[in-house]
Amino acid sequence: MKEQKDIVRAYQRYLKLQRGYSANTLDAYIRDLEKLLNYMEKEEKHVLDVQLEDLQHFAAGLHDIGIHARSQCRILSGVRSFFRFLHLDGYREDDPTELLESPVLGEHLPEVLSADEVDLLENSIDLSKWEGHRNRAIIEVLFSCGLRVSELVHLKLSDLYIKERYVRVFGKGSKERLVPISPKAIRELDSWFVDRNLMKIKPGEEDYVFLNRRGAHLTRTMILIMIKQQALEAGIQKTISPHTLRHSFATALLEGGADLRAIQAMLGHETIGTTEIYTHIDMSTLREEILYHHPRNMLFGRTKKEED
């Protein structure tokens, strides 16, 4: 029988080379898989001999030791990915996870900011401070483009197509997508670039859009702290984070009547059964959806769709 450690290494190569997952995503998948492997080692079972009943006991054990339902779902999703790989690569003739159920999640409604509340957040920033225009640009780009904070910190000048009003984003698994950017976000970036051009930038950091005082690109934690502090100064009582602005982006579009598939594509979501839908969305139609329905673009006049 194939050595279990060799199978896991083959799975790692599959995630990295065929699925294109980043190092962080790859580590997360393997950490979750190790939970199953450790359990099966105690049960003296090889992964090629695991049956549905074994996985059900493993899932029940996650609940018994107090792991949150949402984390249970994530772990079991990784387990399904592993056994699909074993089946597709010929290690097993079956996939024991086909009938494996995940816990039911209660409805969770994350906080959302309205366009007025985003304005309140931005207007509370002291523009006399060195980082003032930078922080306004960060908040506006997060809201206008719906970026993940990890995507924002790695945003490069070479990813900005200002004339065409697009931003190129590299999301999870290094998947590339194009996101329209609003006129207001462009104006905030232009204001930040005036200050940025006066900075002494560290070698190798020249292409990053957002920099700290030392001329190096920002971290996710820096942006999280900044946004939470700014919410306090703006008197916003909601518990917010960079992801709140991303969710507010999607909610604003949905409430404005944008097509749900267009929103999913703009957010860079990839879920089972929807990936193929994303590949067939016409980019020109997609751009119209964003420019027509997002409140930032409404401030600057409707697109040709309304004129017609």
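**A buried aromatic ring**

Phe82 is buried, with a relative accessible area of 0%. Please keep in mind that this is a predicted model.

**Aromatic pairs**
- The structure holds nine aromatic pairs.
- In one of them, the ring centres of Tyr11 and Phe82 are 5.1 Å apart with the planes at 75°, so this pair is edge-to-face.
- Tyr11 belongs to helix α1 (residues 4-18) and Phe82 to helix α4 (residues 69-88), so the pair ties together parts 71 residues apart in sequence.
- Tyr11 is buried too, at a relative accessible area of 0%.
- The rings of Tyr14 and Phe85 have centres 5.1 Å apart and planes at 35°, so they form a tilted pair.
- Tyr14 and Phe85 are both buried.
- One aromatic cluster is formed by Tyr11, Tyr14, Phe82, Phe83, Phe85 and Tyr91.

**A charge over a ring**
- Lys156 sits over the face of Tyr208, 4.8 Å from the ring centre.

- You can find Arg148 in the loop between α6 (132-145) and α7 (149-153).
- Arg148 has a relative accessible area of 13%, so it counts as buried, the cut-off being under 20%.
- Its side chain makes a polar contact with the side chain of Glu151, at 2.5 Å.
- Beyond its neighbours within four places in sequence, Arg148 is in contact with several residues, including Leu142, Arg177, Arg246 and His269.

Methods
Residues numbered from 1 in each chain as written. Predicted model: local features only at pLDDT ≥ 70, side-chain atom pairs only at ≥ 80, totals over all residues. Heavy atoms only, no water. Helix = DSSP H or I, 4+ residues; strand = E, 2+ residues; numbered from the N terminus. Buried < 20%, exposed > 50% of the residue type's maximum accessible area, 1.4 Å probe, protein only. Polar contact = N/O pair within 3.5 Å; in protein donor to acceptor, adjacent residues only side chain to side chain. Contact = heavy atoms within 4.5 Å. Phe/Tyr/Trp six-rings, centres within 6.5 Å; stacked < 30°, edge-to-face > 60°. Lys NZ or Arg CZ within 6 Å of the ring centre and 35° of its normal.
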